[in-house]
Amino acid sequence: LMPKYTVKLPGVIMIFLSQGLCLDPTAVTKAFTQCHIIVFTSMFCFVVYPTAVMGITTCLRYLGYNEYFRVGMVVTAVMPTTTAMSTILTTLSGGNVPVAVANATLNNLMGIVCTPVLVMFL
C-alpha cells in the first residue's frame, strides 16, 4: 500500500472539500479585503517568527547543538503554515474560517518567493 496516495491525499481532499462547501463565497471575498489581518499574520509568519528562531539558534550554537539541527529549525521557521492545518485549527477554535482560508492561501503564495529568499539570507 502507498499511504501517501491511499490515505493522505484523500484526507486532504476531504478537508478542502468539506471546508469549501461550508464557506459562503461572499464571506471569502470579504475576508480578502481585511488587509490588516493578512498583513499582521504575514509579518508574523515571515519576519517575527524567523527572527525569533534565528535568535534561538544563535544561542543553541553557543550551547553546542548540532549545526544540522539549527539549520532545520531555520528552514522550518521560514515556511508558511499549511492551509489544511490553519483551517482545521480555526474551525476547532471557533474562529473566522474565511479569513483563515484567505490568509493561508495568500501566505502560501507569498511563501513561494519568501521562503527561498529567507533561506538564502538566514
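Colleague: Which residues is N107 in contact with, leaving aside its neighbours within four places in sequence?

Modeller: They are T41, S42, C45, F46 and P80; contact here means heavy atoms within 4.5 Å. Do keep in mind that this is a predicted model: local features need pLDDT of at least 70, side-chain atom pairs count only at pLDDT 80 or more, and totals for chains, interfaces and linings use all residues. Residues are numbered from 1 along each chain as its sequence is written, and side-chain values use heavy atoms, leaving out hydrogens and water.

Colleague: Why is N107 called buried?

Modeller: Its relative accessible area is 4%. Buried means under 20%, exposed over 50% and partly exposed in between (1.4 Å probe, protein chains only), so N107 counts as buried.

Colleague: How do you know that the charged end of R61 sits over the ring of Y62?

Modeller: That charged end is 5.5 Å from the ring's centre. The rule asks for NZ of Lys or CZ of Arg within 6 Å of the ring centre and within 35 degrees of the ring normal, so the R61 and Y62 arrangement gets that description.

Colleague: At what angle do helices α3 and α6 pack?

Modeller: At about 35°, with their axes 10 Å apart. Axes are lines fitted to C-alpha atoms, for helices over the stretch in contact, and angles run from 0 to 180 degrees between N-to-C directions.

Definitions and conventions: Helices (H or I, at least four residues) and strands (E, at least two) are DSSP runs, numbered from the N terminus.
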